[in-house]
Amino acid sequence: MTATLPVSGGGFEPYDVIVGQGLLSQLGVLIAPLVRGRTVIITDETVASLHGPAALASLQAAGVRGRLLTVPPGENSKSFAELERVIDRLLAFGLDRRDLIIALGGGVVGDLAGLAAALYMRGIDVVQVPTTLLAQVDSSVGGKTAIDTPRGKNLVGAFHQPRMVVADIDVLATLPARQLRSGWAEVLKHGLICDRDFFDWLAGEGAVGAKGDPVALTRAVVRSVEIKSAIVGEDEKEAGRRALLNLGHTFGHAIEAELGFDEDLLTHGEAVALGCAMAFRLSAALGLCAGAEAERVGTAVAAAGLPTRLEHAGVFRAERLLARMAGDKKAEGGRLTLILARAIGDAFVDKAVDSAALIDFLKGEGAA
Ligand code: NAD
């Protein structure tokens, strides 16, 4: 099954997200209508060796001129230095405003190549070809691009919507199992935000997706993209509803930061899964949602091989976690904004979470 999902909103040109199996070999044909000049595929070295030849062959077969530009894999590539190097290479290639960038990779490549496209000659077109589950269900859709600075992640960036997103489920077959599970956290998050039926399916027969079943993965990616694109279409610049997509992220980000963003200890997706479980437990502790709902969330998260409880005993201090959460750039005017829930599928933005209650909660979760 191939699905074509339109993304549209007030502030940007509509585009399609195409989801299905075997799409990389059709990439050239799919993007040909958008190509006015040449293309450059920006990718990382790992993805280049696994999927670069198929992508280039597909462009060639469709008569699209393309070449590869590789960056080292990993978050460190989301830096000013790497951005400068990429833009310098594009200039050396003589790329102009009619040309097109193809971001082939996970969220790191999508963010870096997307930002390079936003800046190059004041903005050239980009097509996102996400190759991790996280990138397929989250980062490739919505137009956020960014690099990191030593002062924090994603602090320098731009909104630059892609012209098209091509999500080939088959490329996920080469993804390490832990990376696949991490992306599954964002899939679960979409159900938790606003679609109880989807969550029920993910927690039941759809759970095989977290182990790589391509049919379940296709359905999970399609529904996630529908949910994310509907929210982005209403609120591109995160003035309101888009903040719901941060469910689990404020807790998760604080925990990741305390662990020094050490992906061996905790991946971003694992932090989001843990953050979602914590957001539901806090919602239950505050009397906003039933305790049984929080338990169901924990069960589904654990069944996907994702963490539900703070581990690394003794590492976390409640005050430090709170400071991280309040310092998160999503905090507004010093008040703590959290995404909480009334039930599975019914998340909301709470802009007045009481710090003392949160400290109690964090201590109950095992922080010192
Ligand atoms: P990633 O891009 O670093 O990819 C993870 C690893 O998997 C890398 O080593 C990569 O080389 C490898 N890989 C990618 N595709 C593969 C494949 N098909 N087979 C085998 N290996 C493959 O990480 P990620 O989890 O995809 O993305 C994380 C980044 O996304 C973070 O920087 C985060 O800030 C960003 N992000 C952005 C948004 C947004 O809206 N822009 C949203 C969420 C996350």
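Two strands count as paired if DSSP finds at least two bridges between them. Keep that rule at hand for these exercises on a predicted model.

**Exercise 1. Find out how β1 and β2 are joined, and which residue of β2 is the bridge partner of V7.**

Step 1: Count the bridges. Six of them join β1 to β2, the strand of residues 12-20. The rule asks for at least two, so the strands pair.

Step 2: Look at the directions. β1 and β2 run antiparallel.

Step 3: Pick out V7. Its bridge partner in β2 is Y15.

**Exercise 2. Write down the strand order of the open sheet of seven strands and name its edge strands.**

Step 1: Walk across the sheet. The order is β1-β2-β9-β6-β5-β3-β4, and the pairing is mixed.

Step 2: Check the two ends. β1 (3-9) and β4 (66-71) each pair on one side only, and these are the edge strands.

Step 3: Compare neighbours. On average, neighbouring strands of this sheet are turned by 20 degrees against each other, with direction ignored.

Step 4: Helix α8 (residues 214-234) lies across β1 and β2, and runs at about 15 degrees to β1.

**Exercise 3. Decide whether H190 is buried or exposed, and list what it touches.**

Step 1: Locate the residue. H190 is part of helix α6, which covers residues 177-194.

Step 2: Apply the cut-off. Buried means under 20% relative accessible area. H190 has 0% relative accessibility, so it counts as buried.

Step 3: List the contacts. Leaving out residues up to four places away in sequence, H190 touches V137, D195, F198, S224, I227, K228 and L245.

**Exercise 4. Classify the aromatic pairs F12 with Y15 and F251 with F361.**

Step 1: Know what to look for. A pair of aromatic rings is described by the distance of the centres and the angle of the planes. The structure holds three aromatic pairs, and two of them are treated here.

Step 2: Take F12 and Y15. Their ring centres are 5.9 Å apart and their planes stand at 45 degrees, so this pair is tilted. F12 counts as buried because its relative accessibility is 11%, and Y15 counts as buried because its value is 3%.

Step 3: Take F251 and F361. This pair is tilted too, with 5.9 Å centre to centre and 50 degrees between the planes. F251 lies in helix α9 (residues 249-258) and F361 in helix α13 (residues 355-364), so the pair ties together parts 110 residues apart in sequence. Both F251 and F361 are buried.

**Exercise 5. Find which arginines lie over the rings of W201 and F348.**

Step 1: Start at W201. The charged end of R219 sits over this ring, 4.2 Å from its centre.

Step 2: Go on to F348. R342 lies over its face, at 4.3 Å from the ring centre.

Key. Residues are numbered from 1 along each chain as its sequence is written. This is a predicted model: local features need pLDDT of at least 70, side-chain atom pairs count only at pLDDT 80 or more; totals for chains, interfaces and linings use all residues. Side-chain values use heavy atoms; hydrogens and water are left out. Helices (H or I, at least four residues) and strands (E, at least two) are DSSP runs, numbered from the N terminus. Axes are lines fitted to C-alpha atoms, for helices over the stretch in contact, and angles run from 0 to 180 degrees between N-to-C directions. Contact means heavy atoms within 4.5 Å. Buried means under 20% relative accessible area, exposed over 50%, partly exposed in between (1.4 Å probe, protein chains only). Rings of Phe, Tyr and Trp (its six-membered ring) pair if their centres lie within 6.5 Å; planes under 30 degrees apart count as stacked, over 60 as edge-to-face and the rest as tilted. A charge sits over a ring if NZ of Lys or CZ of Arg is within 6 Å of the ring centre and within 35 degrees of the ring normal.
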